[in-house]
Amino acid sequence: MKKFLLILVLITTSALLLTACGAKSAEPTAPVSEASYSPSLIVEGRLQPVNSLEHSFSVSGQVAQVLVKNGEEVKEGQPLATLQDTSAAELAFENAKAEALSAQQTYDQLKDSSDLTLAQAELEVANTKQEYDKKVWYQVKKNQPRETNEDVINAARAAVTLAEDKVSDAEDRYNDFVETDDSDPLKAAALSTLSNARLNLKQAQLNLNNYINPPNAQDLAISDAEVAVAKANYEEALRQLEKLQTNPVSDELAMAEARLNSAKAALASAQSQLDALTLTAAIDGTVVDLTLQPGQKISAGETVIVLADFSDWVVKTDNLSETEVTSIETGQKASVVLDALPDKTLEGEVTYINSLFEEKRGDITYTVTILLKQTDPLMRWGMTGSVEFLP
């Protein structure tokens, strides 16, 4: 806006000087009517690439690889960077893929044949009943040890004793090398044996304490929940068996279809999680302002790479007031002079007038986009300049 006022002052001063010179002329000139005078509108603008896009991962993580560098031109879909844990995501994807294939095969088979459907339902009932009985048998009780089988407890106590004995033997063996240099491989082997023996002893003690101590509130809640889930699964298996006994073909096929749909959804989810670990270019463009590096921790939605399409340039100005914007229309010609390139006038054309307003210092303004018909190798993103809308 300051530039606009400066230019307006210069134009007004020039007009006054011309008027003064005209007054000294020997021959009077014909007056110019106000109706025939249509001054150009001049505002400030900022240079931008025709398109740019900030890229971010949809999940948080630690960067494994950065596959591009600043200034590199990339194509849409090209990998830009990856996060760690891709192996786990790939395994989950392969498992989901295998399940989807299995579900598809089952569904296809059931469409052609309904053999053994009732037997499979009966087997599901037996399996869920067995699981339910197992959960009830091992359900922990308040104020009782987690393990009531004396043989299991005695075995755990024996394991502690054996582990203690191994620690003692390992300590004796290691003490034989007290005067030996630490670089001695036999001493290192003795130390490794001692360390492993102590770890095994600690684990054996933890196992024993877990068996003989009563369950805490969390243990009770988990155990009760496991029993409830097993019971619900068993009851659901019974209901499905009853349905199949009434109409074995159609209901079994419906179950297979439901499994197939679930497997497809799981596969899509696994694919999405795998894809989320690789950031790909959403547009053709050039990598700019890249600071991402391997090992860096990033958050979901955090901008890590910016791509810009420098095939064309636009100038955007948000200095047009509500009274000025009404005189602008798409397709209108404009000229742009960048502050950094004052000797070059660039031709342009209005391509877009934003319908949404902004309020700046009490003024209502609108953003207008001008596509430049000319470019210059010295042009840089963010350069400022003046925009003259030609009548």
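# Close-up views of a predicted model

**View 1. A cluster of aromatic rings.** Ring pairs join Phe310, Trp313 and Trp381 into a cluster. Keep in mind, as you look around, that this is a predicted model. Searching the whole structure turns up three aromatic pairs.

**View 2. Two tyrosines, Tyr132 and Tyr234, form a stacked pair.** Their ring centres lie 6.2 Å apart and their planes meet at 10 degrees; planes under 30 degrees apart count as stacked, so this pair is stacked. Tyrosine 132 sits in helix 3 (residues 117-137) and tyrosine 234 in helix 6 (residues 217-246), so the pair links distant parts of the chain, 102 residues apart. Are these two tyrosines buried or exposed? Both tyrosine 132 and tyrosine 234 are buried. Look also for lysine 129, which lies over the face of tyrosine 234, at 5.9 Å from the ring centre.

**View 3. Phenylalanine 310 and tryptophan 381 meet edge-to-face.** Here the ring centres are 6.4 Å apart and the planes are at 75 degrees, which is why the pair is called edge-to-face. Where do the two residues lie? Phenylalanine 310 belongs to strand 8 (residues 303-321), while tryptophan 381 is in the loop between strand 12 (363-372) and strand 13 (384-389), so the pair ties together parts that are 71 residues apart in sequence. Phenylalanine 310 is partly exposed, with a relative accessible area of 30%. Tryptophan 381 is partly exposed too, at 39%.

**View 4. Histidine 55 and its contacts.** You will find histidine 55 in strand 1 (residues 41-56). With a relative accessibility of 4%, histidine 55 counts as buried. Leaving aside residues up to four places away in sequence, histidine 55 touches several residues, among them Leu80, Leu279, Ile283, Glu302, Val304 and Leu307.

**View 5. Helix 5 from end to end.** How far apart should the ends of helix 5 be? At 1.5 Å a residue, the 28 residues of helix 5 (residues 185-212) should span 40 Å, and the end C-alpha atoms are 41 Å apart, which agrees. At the start of helix 5, a side-chain oxygen of aspartate 184 comes to within 3.1 Å of the backbone nitrogen of leucine 186.

**View 6. The buried residues of helix 5.** Which residues of helix 5 are buried? They include Lys187, Ala190, Leu194, Ala197, Leu201, Ala204 and Leu208. An α-helix has 3.6 residues a turn, so residues three or four places apart point the same way. The buried residues of helix 5 pack against helix 4 (150-175).

Technical notes. Residues numbered from 1 in each chain as written. Predicted model: local features only at pLDDT ≥ 70, side-chain atom pairs only at ≥ 80, totals over all residues. Heavy atoms only, no water. Phe/Tyr/Trp six-rings, centres within 6.5 Å; stacked < 30°, edge-to-face > 60°. Helix = DSSP H or I, 4+ residues; strand = E, 2+ residues; numbered from the N terminus. Buried < 20%, exposed > 50% of the residue type's maximum accessible area, 1.4 Å probe, protein only. Lys NZ or Arg CZ within 6 Å of the ring centre and 35° of its normal. Contact = heavy atoms within 4.5 Å. Expected span 1.5 Å × (residues − 1). Polar contact = N/O pair within 3.5 Å; in protein donor to acceptor, adjacent residues only side chain to side chain.
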